Amino acid sequence: MSDMVIVSEEVSEAISDGAPVVALESTIISHGMPYPRNLETAGEVEAEVRRWGAIPATIAIRDGSYRVGLDSKTLELLATSDEVAKASTRDLGGVISSRRLAATTVATTMIGAHLAGVHVFATGGTGGVHRGGEKSLDVSADLVELSRTPVAVVSAGVKSILDIEKTLEYLETLGVPVYGWKTSEFPAFYSTHTGLSVPLSVHSADELARALHAVWNLGLRTGALVANPIPKEAELEHGYIESVIQDAILDAEREGIRGRDLTPYLLGAIVERTDGKSLEANIALVKNNARVASEVATALAKFSR
Ligand code: PSU
Ligand code: MN
């Protein structure tokens, strides 16, 4: 396995010392944000993880291997090249055997983290059941991976480009625990409000670490979704962002955008239609997730000793 998963020296030392490590994804860099904010954000999020006492491990696929912990050259390539593949679970065979540079989604970042021995992962939002998913069957592989890879994913909920209620139903079906971080309401990425309640709220990193540990001690390989609301001061008004999202979805339908291209298309259209306001909100919430993930990784590390 060693040549399939190359872990940077810093990350590998932290893992063998039992120090807290936080995995970070790369699809958000290559396909989720425009240059140069994507590259700046990648650096700022890593710095935020360090500030809270953990080691960042950004994950991608390069030259036929998973890379866990990226150098600045690879980060820059991921941020600037338009030849970066978006690799979800079903794409792994192809991108590894063809040695393509590929950004990892939440699903494949979870796999890379787990292979390296990292248990906590911070992102912006995860994939889910798309609106109309009951007909199109467009359901992100992120949800399936959450059910079979033991990594806790800290996100700001899911955007309402998805059907949030169906996403929660599907997670329940798959047996994926959803924890509200200091909230009883499941958040909607750009705003804290959905009116949907979380199955369980947790109020401290220790409490969450105990719950994660309990499931993994039973021998289950289930991951977890930790829903951390966007900070109040960065939140966008619910009605405003909702109408932007609906327009973006109509554009996608008109242009016939489907499948793996749909999420990146919608993310780009929303940034454009909000004059970058959604981008700033996105950056604020990712950093906030990096902080919570660092706290959780620290609590888990204490717990495992
Ligand atoms: N949602 C966001 N920002 C993102 C993504 C989702 O708010 O950057 C990315 C993540 O990498 C996620 C992927 O894993 O999109 C989901 O894509 P799909 O819906 O094609 O599974
Ligand atoms: Mn899809």
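This passage describes the overall form of a predicted protein model and then several of its local features. Local features are reported where pLDDT is at least 70 and side-chain atom pairs where pLDDT is 80 or more, whereas totals for chains, interfaces and linings use all residues. Residues are numbered from 1 along each chain as its sequence is written, chains are lettered from A and ligands numbered from 1 in the order in which they are written, and side-chain values use heavy atoms, with hydrogens and water left out.

The secondary structure of the protein comprises 13 helices and 11 strands, where helices (H or I, at least four residues) and strands (E, at least two) are DSSP runs numbered from the N terminus. The radius of gyration is 18 Å, close to the 19 Å that the globule rule gives for 305 residues, so the protein is as compact as a globular protein of that length; this radius is taken over C-alpha atoms, and the rule is 2.2 Å times the number of residues to the power 0.38. Along the principal axes, the C-alpha trace spans about 50 × 40 × 35 Å. Of the 305 residues, 57% count as buried, a term that means under 20% relative accessible area, with exposed meaning over 50% and partly exposed lying in between (1.4 Å probe, protein chains only). Of the contacts with a separation of 6 or more, 75% are made by residues 24 or more positions apart, a contact being heavy atoms within 4.5 Å. The protein exposes about 13,100 Å², of which carbon and sulfur atoms supply 51%; such areas come from the Shrake-Rupley method with a 1.4 Å probe, and for residues only the protein chains shown count as cover.

When neighbours within four places in sequence are left aside, M4 is in contact with S65, Y66 and I96. M4 and G112 are 108 residues apart in sequence, yet their C-alpha atoms are 9.9 Å apart in space. Strand β1 runs parallel to strand β4 (residues 65-68), and three bridges join the two, pairing being assigned if DSSP finds at least two bridges between two strands. One of the partners in β4 is V68, which is bridged to V7. On β4 there is also an antiparallel pairing, over four bridges, with strand β3 (residues 55-62), in which A60 has R67 as its bridge partner. Strands β3 and β4 form a hairpin with two residues between them, and D63 in the turn has a positive phi of about 50 degrees.

The residue G112 belongs to the buried set of helix α6, together with V106, A107, T108, T109, M110, I111, A113 and A116. Nine of the 11 residues of this helix (residues 106-116) are buried, so α6 is largely enclosed by the rest of the structure. The helix is followed by G117, whose phi is positive, near 95 degrees.

Strand β9 runs parallel to strand β11 (residues 224-227) and is joined to it by three bridges, with A227 as the partner of G180. Strand β9 also pairs with β10 in the parallel sense over three bridges, and here the partner of W181 is V202.

A cis peptide bond, with omega about 5 degrees, joins Y35 and P36, and P36 is placed in the loop between α2 (27-30) and α3 (37-51). In the loop between β9 (178-181) and β10 (200-202), F189 has a positive phi near 65 degrees although this residue is not a glycine, and F189 is buried, with a relative accessible area of 1%. D275, also not a glycine, has a positive phi of about 55 degrees; D275 is placed in the loop between α12 (262-273) and α13 (277-304) and is exposed, with a relative accessible area of 73%. Within helix α13 is found N282, which is buried at a relative accessible area of 7% and which touches M33 and F189 when residues up to four places away in sequence are not counted.
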